Amino acid sequence: MSINLSTVIAGVRFPSCLMNAAGACCVTQEELEALGRSSAGAIVTKSMTPHPRTGNPSPRYYSFEGGSINSMGLPNLGYPAYARLIPELKRFGKPIIASIAGFRSQDFVEAAQVINTANPDLMEINLSCPNIPGEPQIGYDFEGSKRLLKELRSIVQVPMGVKLPPYFDPAHHEAMAEVLNQVGVAFVSVINSLGNGLVVDPEKELVVIKPKGGFGGIGGKIIKPVALANVRAFWKLFQGQVPIIGTGGVVTGTDVFEHLLCGASAVQIGTTLVEEGLGAFERIEKELQGIFEKKGYQSPVDCRGALREL
Ligand code: DHB
């Protein structure tokens with residue numbers, strides 16, 4: 001029996017259903033090229049802004065037993081640099097996903113225009129950066145999200161999706177699904193980090209990262225149940241008709257399998273990649289293959305959304 005972990009999202013074929021999450025190992029040209037050479041199924045860029053940014057002061061990332069906390073503050077090369085890099089990255093023969101961020105809607109519009117001409121395979125509009133002092137996450141403002149996405153929709157010609165923050169109430173899943181149905185998106189990535197958590201070092205009686213008094217986005221193992229719930233909620237609301245990229249808490253092949261069962265077509269890896277390096281892709285791929293072998297699945301679509309309820 002041959003197992004094939006490739007997947008299709010918005011008509012684009014990914015050689016593997018595993019890829020980096022925006023932000024993880026994808027800021028510089030070197031990092032993006034290393035993703036190209038790795039067994040990742042795509043190259044996802046760091047969320048880009050109009051101008052290059054060095055980001056927030058350090059320490060701004062900290063890992064602990066259950067995951068990580070970060071407040072990077074959008075360090076990135078600026079969209080003109082990524083627009084130049086994207087055509088070069090195509091030589092690796094895997095899809096490029098350009099992640100777009102900004103502070104005002106004009107930032108998103110400008111980036112989307114320029115990046116659109118660089119022709120990435122997909123564009124992921126990041127509505128969920130939690131780490132900019134004084135800037136609320138757009139994804140928690142449903143009307144604002146609708147306005148922005150409608151404007152971008154008229155500019156972007158490549159498949160356009162959104163990266164959403166976690167929602168914790170069905171009313172919010174429904175409100176965002178309604179927005180996305182009205183706009184018409186090609187895919188949904190859920191979830192971004194759990195915004196504005198706080199990790200404490202009790203020995204030192206101290207926060208562990210410097211920006212925002214220690215508040216930052218939580219990722220890794222401990223966010224998996226929230227990620228799975230968001231994948232599942234949007235899978236159901238879209239009745240399987242909008243492809244979902246699941247992100248959050250992926251450490252093992254079993255975690256990927258759970259995302260697929262909930263409805264994901266592909267899975268992004270953040271904290272684990274930062275902690276383990278690019279070898280994580282091969283390890284997790286092997287683990288997933290082992291699970292598929294045991295269960296008799298040949299490809300991710302065989303189990304996608306197949307989670308049973310009691
Ligand atoms: C950053 C963090 C995020 O979760 C995000 O979506 C975008 C940017 C950051 O701090 O760099």
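**Pairs, bonds and the ligand shell**

Mentor: Start with one bridge. G246 has V267 as its bridge partner in strand 16. The model is predicted.

Trainee: What makes strand 15 and strand 16 a pair?

Mentor: The cut-off is at least two bridges. Strand 15 (residues 244-247) and strand 16 (residues 266-269) have 3 bridges. So they count as paired. The sense is parallel.

Trainee: Why are strand 3 and strand 4 called edge strands?

Mentor: Take the sheet order: 3-16-15-10-9-8-7-4. The sheet is open, has 8 strands and pairs in parallel. Strand 3 (18-20) and strand 4 (43-44) each pair on one side only.

Trainee: How do you know that strand 5 and strand 6 pair, and in which sense?

Mentor: Again, the test is at least two bridges. Strand 5 (residues 61-64) and strand 6 (residues 67-70) have 4 bridges, so they pass. They run antiparallel. Y61 stands opposite N70 in strand 6. The two strands form a hairpin, with 2 residues between them.

Trainee: Which omega makes the bond between S58 and P59 cis?

Mentor: Omega there is about 0 degrees. P59 lies in the loop between strand 4 and strand 5. The bond from V190 to I191 is also cis, with omega near 10 degrees. I191 sits in the loop between strand 10 (187-190) and strand 11 (194-198). Most peptide bonds are trans.

Trainee: What makes the phi of L74 worth noting?

Mentor: Phi is positive, about 60 degrees, although L74 is not a glycine. Most residues other than glycine have a negative phi. L74 is in the loop between strand 6 and helix 2 (79-89). L74 is also one of the closest residues to the ligand.

Trainee: How many residues surround the ligand, and which are closest?

Mentor: The count is 13. The closest are K46, G73, L74, N131 and N192. By class, the shell has 5 nonpolar, 7 polar and 1 charged.

Trainee: How much of the ligand's accessible area does the protein cover?

Mentor: The protein covers 92% of the 300 Å² that the ligand has on its own. The space the ligand takes is the largest pocket.

Key: Residues are numbered from 1 along each chain as its sequence is written. This is a predicted model: local features need pLDDT of at least 70, side-chain atom pairs count only at pLDDT 80 or more; totals for chains, interfaces and linings use all residues. Side-chain values use heavy atoms; hydrogens and water are left out. A residue is near a molecule or strand if one of its heavy atoms lies within 4 Å of it. Accessible areas come from the Shrake-Rupley method with a 1.4 Å probe; for residues, only the protein chains shown count as cover. On a 1 Å grid over the protein atoms alone, a cavity is a set of points where a 1.4 Å probe fits but cannot get out, and a pocket is an open set with protein on both sides within 12 Å along at least five of seven lines; lining residues have an atom within 4 Å of a point. A molecule sits in a cavity or pocket if more than half of its atoms lie within 2 Å of its grid points. Ala, Val, Leu, Ile, Met, Phe, Trp, Tyr, Cys and Pro count as nonpolar, Asp, Glu, Lys and Arg as charged, and the others, Gly among them, as polar.
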